[in-house]
Amino acid sequence: IDMLNDVSGLNNSFIVREIGLSYALRLVDEELQSLNLGLSVYYQDRGFDFSQVTTNSQYISGRGFDLSLANGENLIDFHQNFYRLNTGVYWQKSTSRKQKAGHFGISAFDLNRPKDTFYSNDSTFDPTYFLTFGFMSYNDRSWHVYPNILLVNQAGRMLYNASIETTFTID
């Protein structure tokens with residue numbers, strides 16, 4: 001279970017509250033190999049709270065701001081709530097010495113394309129997709145080299161990340 005209560009902005013006027021449930025299931029559980037499936041569902045409520053926002057019409061000379069007075073503004077209720085659906089699969093293989101030999105994972109976030117605007121229903125979250133894979137490219141008794149690739153597709157843009165893990169083991 002995940003919970004978030006994020007308050008920010010002038011007078012803490014922007015509020016994001018989220019609660020989620022995540023579950024992972026190990027489909028294959030062997031000594032040198034595993035396959036996992038994950039699923040998460042989140043409910044998010046976010047918006048602006050103008051109750052602590054002050055304007056000149058609430059100022060009383062010599063006393064300061066009186067929040068019990070009307071602020072003189074016609075503020076629109078900028079508030080929304082939605083659900084988010086995310087899932088992923090991850091596979092990993094190990095060597096007989098319990099070192100990572102290879103991995104592959106794919107995940108997707110916001111599959112249900114929740115609404116992403118205070119004004120209309122036309123704007124939605126684009127799903128975000130992650131793909132990761134790697135393999136042991138060099139392995140002797142002491143040295144291990146393991147390249148990794150991470151691909152992210154978010155809002156139609158592709159991001160790439162490549163890295164190499166190197167390990168030296170002292171027996």
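Predicted model: local features only at pLDDT ≥ 70, side-chain atom pairs only at ≥ 80, totals over all residues.
Local features need pLDDT of at least 70 and side-chain atom pairs count only at pLDDT 80 or more, while totals for chains, interfaces and linings use all residues. Residues are numbered from 1 along each chain as its sequence is written, and side-chain values use heavy atoms, with hydrogens and water left out.

Colleague: How many bridges join strand β10 to strand β11?

Modeller: Strands here are DSSP runs of E with at least two residues, numbered from the N terminus, and two strands pair if DSSP finds at least two bridges between them. β10 covers residues 143-154 and β11 covers residues 157-168, and they run antiparallel. Val152 stands opposite Leu159 in β11. The number of bridges joining β10 and β11 is 12.

Colleague: Which residue in the turn between β10 and β11 has a positive phi?

Modeller: The two strands form a hairpin with 2 residues between them. The positive phi, about 55°, belongs to Ala155.

Colleague: Is Asn148 buried or exposed?

Modeller: Asn148 lies in strand β10. Buried means under 20% relative accessible area, exposed over 50% and partly exposed in between, with a 1.4 Å probe and protein chains only. Asn148 has 10% relative accessibility, so it counts as buried.

Colleague: Which side chain does a polar contact join to that of Asn148?

Modeller: Contact means heavy atoms within 4.5 Å, and leaving aside neighbours within four places in sequence, Asn148 is in contact with residues including His103, Phe133 and Glu165. At 2.9 Å, the partner of the Asn148 side chain is that of Glu165.

Colleague: Which residue meets Glu165 in a salt bridge?

Modeller: A salt bridge is a side-chain nitrogen of Lys or Arg within 4 Å of a carboxyl oxygen of Asp or Glu. Glu165 is partly exposed, with a relative accessible area of 34%. The N to O distance in its salt bridge is 3.6 Å, and the partner is Lys100.

Colleague: How many residues apart in sequence are the parts tied together by Phe14 and Phe48?

Modeller: Rings of Phe, Tyr and Trp (its six-membered ring) pair if their centres lie within 6.5 Å; planes under 30 degrees apart count as stacked, over 60 as edge-to-face and the rest as tilted. By this rule the count comes to 5 aromatic pairs. Phe14 and Phe48 form a tilted one, with 4.9 Å centre to centre and 50° between the planes. Phe14 lies in strand β2 and Phe48 in strand β3, so the parts tied together are 34 residues apart.

Colleague: What kind of aromatic pair do Phe82 and Phe125 form?

Modeller: Phe82 counts as buried at 6% relative accessibility, and Phe125 counts as buried at 17%. Their centres are 5.6 Å apart with 65° between the planes, and the pair is edge-to-face.

Colleague: Which residue lies over the face of Phe125?

Modeller: A charge sits over a ring if NZ of Lys or CZ of Arg is within 6 Å of the ring centre and within 35 degrees of the ring normal. Glu18 and Asp110 are linked with one arginine in a network of salt bridges. At 5.0 Å from the ring centre of Phe125, the residue over its face is Arg84, and the arginine of that network is also Arg84.

Note on methods. Helix = DSSP H or I, 4+ residues; strand = E, 2+ residues; numbered from the N terminus. Polar contact = N/O pair within 3.5 Å; in protein donor to acceptor, adjacent residues only side chain to side chain.
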